[in-house]
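Hi,

Here is the structure I promised to pass on. Have a look at it first, then read my notes below.

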Amino acid sequence: MSNDKDMKTLFRTYRTPIIVIAVLLMLALFSESHLIRLIIPYAIAYTIPLLVTALGGLYSERSGVTNLGLEGLMLVGYFASAITIKFTEQISYSLAIPLGLFIAVIAGALFSMLHAFASINLKADQIISGTAINMLASALTVYLARTVAGSGNVRIMLGIVRQDIPVLSKIPGLGTLFFTQSYWSTWVALAIWGLSWFLLYKTSFGLRLRACGEHPSAVESAGVNVHKMRYFGVGMSGALAGLGGAIILVTYSGEFNGTVAGLGFLSIAALIFGQWKPLGILGATFFFGTATTIANVSQVIPEFGVIPPVIFKVFPYVVTLLALVVFSKRSAAPKAVGEPY
Amino acid sequence: MSTKVKSNAFLVAISAVILGLIAGGLLMMAIGSNPFEGFYYLFRGGLMSMERVGNTIATAITLMLVGLSVAFAFKTGLFNIGASGQMLIGGLAATLVAHYVFLPRVIYIPVIILAAFAAGALWGVIPGFLKAKFNVHEVVATIMMNWIAYWSIYYFIPAYLKGPSLETESRSIAIEQSLRSDWLTDFFGGGYINLGIFVAVVAVIVVKYVLDKTTLGFELKAVGSNRFCAEYAGIKVNRNVIISMMIAGGLAGLAGMTFYTGYSRNIQIGVLPSMGFDGIAVALLGASNPIGVFFSALFFGLLQSGKGFMNAMTDVPPEIADTIIATIIYFTATSVLFSRFWDKVGKRKKERNDARTAKAEAQESDHE
């Protein structure tokens with residue numbers, strides 16, 4: 001009996017590493033399958049922008065501000081990086097991409113200040129403000145693209161080149177799946193994920209930030225400036241969504257075309273699906289990334305040929321709805337999210 | 001608070017519009033164009049001939065119905081961001097009717113209206129049900145429904161309604177089966193004007209009546225202003241949430257009908273209609289009031305239909321219209337700022353009046 005209880009607490013304490021290891025082992029087991037080998041690299045490429053953006057949403061929502069403008073903020077980063085890279089890649093290719101990502105982060109953070117000002121200082125309806133951000137971003141970026149680059153579409157010459165990681169790629173099984181032909185931006189994104197987890201859950205700053213989303217008046221009485229914390233949360237969401245948009249450009253897209261096709265909204269869904277927790281978000285975004293990949297490659301894989309492609313395309317959205325049905329009853333949303341303070 | 005906002009909703013709307021136009025002017029200046037010239041051609045593009053006026057109205061019809069849809073949901077405290085998907089599905093139903101149902105005009109028009117309304121209502125009632133039953137946030141649910149509609153249309157059109165030349169749009173419906181009408185077209189001298197104008201006007205009146213004069217409207221608004229209070233008063237909150245989303249979806253479905261079988265005569269795939277989002281602006285600027293929606297839809301219709309002409313005559317990209325609309329939403333969202341401003345103006349005026357009367361009284365007493 002007590003042994004059973006010990007096992008349970010042990011599992012609860014180490015739940016996170018256990019789940020991660022189990023998933024990796026599963027993938028290693030099937031790493032010889034050509035299907036997995038085809039899907040996983042693309043799945044990772046599709047996951048990363050979602051992951052980074054959803055992490056941004058995590059900062060914002062944990063600090064107590066709903067950010068429905070992630071879609072627009074991604075678009076701002078997508079555009080800012082495209083323009084930056086287009087005008088610097090002739091000078092230095094190796095510098096253009098990091099510079100583009102950096103400018104995207106700055107642009108996203110600056111643009112998100114519109115949302116921060118409206119929802120923190122003016123106590124505006126955050127959902128409407130977020131919608132305004134989305135519409136403003138989609139109109140303004142195309143407007144600027146037309147005037148600066150002469151066309152609504154901005155193409156860059158070369159994105160990030162895929163590379164093998166020196167030692168790790170030689171590991172049998174997992175090495176070939178994760179460490180061969182990978183984008184360096186993927187590792188930056190995963191590092192941000194790790195750092196965010198540390199910042200939010202292992203530092204007193206993170207505790208205060210999360211408390212702002214649960215019980216702002218208590219935090220204020222403890223001497224913390226809630227407004228400043230919320231500005232930080234929204235600013236991070238803008239910066240990371242901007243980075244997410246830029247990563248789309250430098251990995252699989254290569255061209256700014258005026259839309260991120262709902263990825264920002266999917267990130268918000270991943271945030272809810274992942275129950276506002278870093279590991280949950282990683283799992284949810286990887287799930288969406290895989291689902292998108294399967295939808296995209298389904299036509300060329302004979303195993304999937306019998307199923308109409310529309311099923312694959314609507315699959316992520318239907319599953320999100322079903323997941324929301326399951327999770328919304330006992331929602332783990334920050335208690336004060338969306339409420340002005 | 002709410003009464004205060006309501007009392008100066010008009011001033012807030014006008015302030016937001018003026019600031020939006022100023023922002024648009026600054027953007028035109030930023031790219032080296034003359035803003036006065038830009039606005040001149042923007043408005044001229046929407047108004048310079050009867051045909052252009054007809055096109056402006058035709059654009060406004062769709063925006064009006066989407067605006068009503070969003071406003072209706074707002075009244076129950078729900079945010080319907082899924083009007084785009086509801087438009088697509090309503091438009092698909094109308095297109096199917098137009099292709100396959102042949103009836104005398106008097107019966108045909110009600111049939112196509114009912115079909116579009118029902119299809120849109122179906123797309124709206126799902127998020128409503130999920131909200132009422134499982135507490136799923138309607139914003140995320142309606143966005144998911146948008147993408148489900150987008151991909152369903154994306155595969156349905158090429159499979160069943162493929163056009164003769166293009167893979168990316170449905171085959172056109174016959175003009176007699178569309179909402180275009182000879183006498184309207186003759187009156188405006190051509191263009192996109194269609195019978196949707198009557199659908200939109202009737203919808204404005206009906207929605208106004210339902211919200212202000214019926215028990216259903218009272219219940220819906222009660223749920224919107226305080227759902228706990230409404231529940232305590234014995235109003236079935238969940239039922240009202242579902243009904244509200246159903247009607248909102250239906251109205252957006254009608255918008256889809258006016259757009260896909262009136263304004264245009266086919267459905268393009270791979271596009272979420274942007275009017276679904278512009279309708280949010282229409283509802284906000286109109287303060288969720290049907291009459292307000294009517295006028296703000298005409299205004300946004302003017303911006304949208306004039307932008308092509310402006311782009312042809314100047315260097316300003318057509319997206320300026322969307323930028324102005326988005327800026328107006330932002331300023332409506334931050335309307336607290338203007339409310340405070342107008343309150344202060346009002347207070348100062350009152351103080352001045354008070355001071356003046358006090359002074360006059362004092363003088364009078366001096367005379368005595």
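Start with Asp322(B) and Lys307(B): they form a salt bridge, with the closest N and O atoms 3.5 Å apart. The pair ties together distant parts of the chain, as Asp322(B) belongs to helix H15 (residues 319-333) of chain B and Lys307(B) to helix H14 (residues 290-313) of chain B, 15 residues apart. Both Asp322(B) and Lys307(B) are buried. Keep in mind throughout that this is a predicted model.

Chain B splits into domain 1 (1-33 + 321-354) and domain 2 (52-314), and the C-alpha centres of the two lie 28 Å apart. Domain 1 of chain B puts 12 residues into the contact, and domain 2 of chain B puts in 11 residues. How much area is buried between domain 1 of chain B and domain 2 of chain B? It comes to about 1,000 Å², with carbon and sulfur atoms giving 82% of that. On the domain 1 side of chain B, Ala321(B), Ile325(B) and Ile329(B) supply 43% of the area buried against domain 2 of chain B, more than any other three residues. As for charges, the count between these two domains is 1 salt bridge.

Across all chains the structure holds 9 salt bridges. One of them joins Glu255(A) and Arg155(A), with 3.8 Å between the closest N and O atoms. Again distant parts of a chain are linked: Glu255(A) is in strand S2 (residues 255-256) of chain A and Arg155(A) in strand S1 (residues 154-155) of chain A, 100 residues apart. Arg155(A) has a relative accessibility of 55%, so it counts as exposed.

Back in chain B, the side chains of Asp212(B) and Lys221(B) meet in another salt bridge, at 3.6 Å from N to O. Is Asp212(B) buried or partly exposed? Asp212(B) is partly exposed, because its relative accessibility is 41%, and Lys221(B) counts as partly exposed too, at 28%.

Now the rings. There are 30 aromatic pairs over all chains. Phe74(B) and Phe79(B) make one that is stacked, 5.3 Å centre to centre with 20° between the planes. Phe79(B) has a relative accessible area of 4%, so it is buried. Compare Trp183(B) and Phe198(B): their ring centres are 6.2 Å apart and the planes sit at 35°, which is why this pair is tilted. It bridges distant parts of the chain, with Trp183(B) in helix H8 (residues 182-188) of chain B and Phe198(B) in helix H9 (residues 196-213) of chain B, 15 residues apart. Trp183(B) is exposed, because its relative accessible area is 55%, while Phe198(B) is partly exposed at 42%.

There is also a ring cluster that takes in both chains: ring pairs link Tyr317(A) with Trp147(B), Tyr150(B), Trp151(B), Tyr154(B) and Tyr155(B). One member, Trp151(B), has Lys313(A) over its face, at 4.5 Å from the ring centre.

Ile107(B) and Thr59(B) are 48 residues apart in sequence and 25 Å apart in space, C-alpha to C-alpha.

Cheers

How values were computed
Residues numbered from 1 in each chain as written. Chains lettered and ligands numbered in written order. Predicted model: local features only at pLDDT ≥ 70, side-chain atom pairs only at ≥ 80, totals over all residues. Heavy atoms only, no water. Phe/Tyr/Trp six-rings, centres within 6.5 Å; stacked < 30°, edge-to-face > 60°. Buried < 20%, exposed > 50% of the residue type's maximum accessible area, 1.4 Å probe, protein only. Helix = DSSP H or I, 4+ residues; strand = E, 2+ residues; numbered from the N terminus. Lys NZ or Arg CZ within 6 Å of the ring centre and 35° of its normal. Domains from an automatic or database assignment. Contact = heavy atoms within 4.5 Å. Buried area = accessible area lost by both parts, 1.4 Å probe. Salt bridge = Lys/Arg side-chain N within 4 Å of Asp/Glu carboxyl O.
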